[in-house]
Amino acid sequence: MNIEKYKIEEYNQQVKAKHTRKLESLVEDINNYEAILQKLIDFQIAIPSWALGSGGTRFGRFPGGGEPRSLEEKIEDVGLLHALNKSSGAISLHIPWDVPKDYQEIKTLAAQYGLGFDAMNSNTFQDQPGQALSYKFGSMQHVNAAVRKQAVQHNIEVIQHGIELGSKSLTVWLSDGSCFPGQLNFRKAFQRTLESLQEVYAALPDDWKIFVEYKAFEPNFYSTTVGDWGQSFLYASKLGPKAYTLVDLGHHLPNANIEQIVSLLLMEGKLGGFHFNDSKYGDDDLTAGSIKPYQLFLIFNELIEGMDARKMSHSTDLGWMIDASHNVKDPLEDLLQSVEAIMLAYAQALLVDRQALAAAQEDNDVAKAQEILQAAFRTDVRPLIAEARFRAGGALSPIELYRSLNVREELVKERGSKTVATGL
Ligand code: LRH
Ligand code: MN
């Protein structure tokens with residue numbers, strides 16, 4: 001489904017006056033307003049191809065209808081999101097869930113929607129039909145060299161797909177680990193995984209990056225072979241300069257201080273990117289900012305502090321991706337809300353008075369430091385990101401327009417109520 005530009009302009013005209021009133025009262029106190037707006041316009045978040053249908057758990061899945069039936073329809077849906085919020089300018093593919101049959105056709109279609117291809121994702125956590133060797137006991141850690149070779153070969157194929165599409169990075173998430181004490185030799189598992197990753201690393205083009213994604217548990221429930229930021233940092237450091245860690249917000253043990261992890265990985269030049277989502281218990285893959293919005297703000301606060309210290313570009317030097325699963329919400333509405341929450345956290349973090357904060361920290365003025373941070377977090381910056389969208393040609397309120405255009409109903413009419421998208 002295509003949302004014509006005139007429909008967005010028509011809608012914006014109806015709500016423009018209210019928006020302008022709110023914006024004018026907000027920007028009175030923001031001196032570098034235009035610079036912040038440009039940063040918000042430039043900030044693009046990649047949409048996961050595997051999260052455009054309804055997700056589920058082992059207990060059940062409740063498809064909402066109108067789900068994309070092909071990679072082409074997935075690109076259309078991301079194109080629709082990008083038309084509405086102008087902040088979703090890339091799609092992140094997962095292989096083999098989204099194997100492109102005709103590279104040129106797929107690239108042309110994506111370009112029509114102003115989309116690029118972000119990190120490619122490999123999959124050695126499921127056995128595919130006709131697969132020679134099983135990943136039941138792991139892939140790159142496996143005791144059987146032939147299984148490790150199969151996993152390495154798959155990752156090299158994923159890089160080939162990415163090269164054809166213009167992607168510049170590979171995300172490797174390994175579900176490898178163990179479910180019971182005694183099942184695994186941790187040292188051998190680490191070394192076998194490192195050797196396998198080194199073979200994949202050797203196949204990377206010079207201008208590519210590899211992201212090593214860590215996760216505390218699930219589907220293994222005793223140990224995970226890339227189980228936390230320290231282990232991912234160890235792999236990325238031993239692999240070489242093109243290797244980085246990837247922080248999926250849902251992959252930490254309860255109460256982990258993710259903003260401190262981000263600060264240190266950034267300091268070491270080994271932070272590659274993010275899978276944004278939110279969670280209350282485990283890897284819940286909920287809407288970003290829906291459970292812990294203050295944590296998301298604190299993460300962006302550390303990102304800006306660390307990226308500016310290294311003179312990094314906010315929009316291009318790290319991988320900004322969403323990784324969520326939609327069990328009860330319309331997948332497209334959920335993704336619009338995640339992008340909005342990420343933009344809100346970024347905008348609020350841009351408002352932090354960094355000189356004053358640094359001075360308060362040097363004075364051990366704890367209360368003052370908190371006042372400075374929370375002044376930014378408690379600023380309603382919604383008019384600011386709405387203005388950024390408006391200037392970029394998007395809708396002042398994407399979800400409001402999505403609903404008033406009955407997009408889901410139109411997609412169900414076009415695709416049917418029982419269609420199921422590939423992915424989680
Ligand atoms: C693992 C993960 C990984 C993806 C998968 C879909 O939990 O976060 O990033 O490959 O979800
Ligand atoms: Mn992830």
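Q: What volume does the largest cavity have?
A: About 50 Å³ is the volume of the largest cavity, in what is a predicted model. The general idea is that rolling a probe the size of a water molecule over the atoms shows where empty space is left. Here, two cavities of 30 Å³ or more turn up in the structure.

Q: Which residues line the largest cavity?
A: The lining consists of Leu 40, Ile 41, Asn 85, Lys 86, Ser 87, Met 343, Ile 385, Ala 388, Arg 389 and Ala 392. By class, six of the lining residues are nonpolar, two are polar and two are charged.

Q: Which helices each supply at least two residues of that lining?
A: Helix H2 (33-42) and helix H13 (382-391) do. H13 gives the largest share, three residues.

Q: Which residues line the second largest cavity?
A: Leu 249, Asn 277, Asp 278, Gly 289, Lys 292, Gln 295 and Leu 296 surround the second largest cavity, whose volume is about 30 Å³. This lining has two nonpolar, three polar and two charged residues.

Q: At roughly what angle do the axes of helices H4 and H5 cross?
A: Angles of 65 to 115 degrees count as roughly perpendicular and those under 35 degrees as roughly parallel. The axes of H4 (residues 103-112) and H5 (residues 145-165) cross at roughly 55 degrees and come within 9 Å. The two helices are therefore oblique to each other. The crossing of H4 past H5 is right-handed.

Q: Which residues meet where H4 contacts H5?
A: From H4, Tyr 103, Ile 106 and Lys 107 meet His 161, Glu 164 and Leu 165 of H5. Three nonpolar, one polar and two charged residues make up this contact.

Key: Residues are numbered from 1 along each chain as its sequence is written. Chains are lettered from A and ligands numbered from 1 in the order in which they are written. This is a predicted model: local features need pLDDT of at least 70, side-chain atom pairs count only at pLDDT 80 or more; totals for chains, interfaces and linings use all residues. Side-chain values use heavy atoms; hydrogens and water are left out. Axes are lines fitted to C-alpha atoms, for helices over the stretch in contact, and angles run from 0 to 180 degrees between N-to-C directions. Helices (H or I, at least four residues) and strands (E, at least two) are DSSP runs, numbered from the N terminus. Angles under 35 degrees count as roughly parallel, over 145 as roughly antiparallel, 65 to 115 as roughly perpendicular and the rest as oblique. A crossing is left-handed if the near helix is turned anticlockwise from the far one by less than a right angle, and right-handed if clockwise. Contact means heavy atoms within 4.5 Å. Ala, Val, Leu, Ile, Met, Phe, Trp, Tyr, Cys and Pro count as nonpolar, Asp, Glu, Lys and Arg as charged, and the others, Gly among them, as polar. On a 1 Å grid over the protein atoms alone, a cavity is a set of points where a 1.4 Å probe fits but cannot get out, and a pocket is an open set with protein on both sides within 12 Å along at least five of seven lines; lining residues have an atom within 4 Å of a point. Grid points are joined across faces, edges and corners, and a volume is the space filled by probe spheres set on the points.
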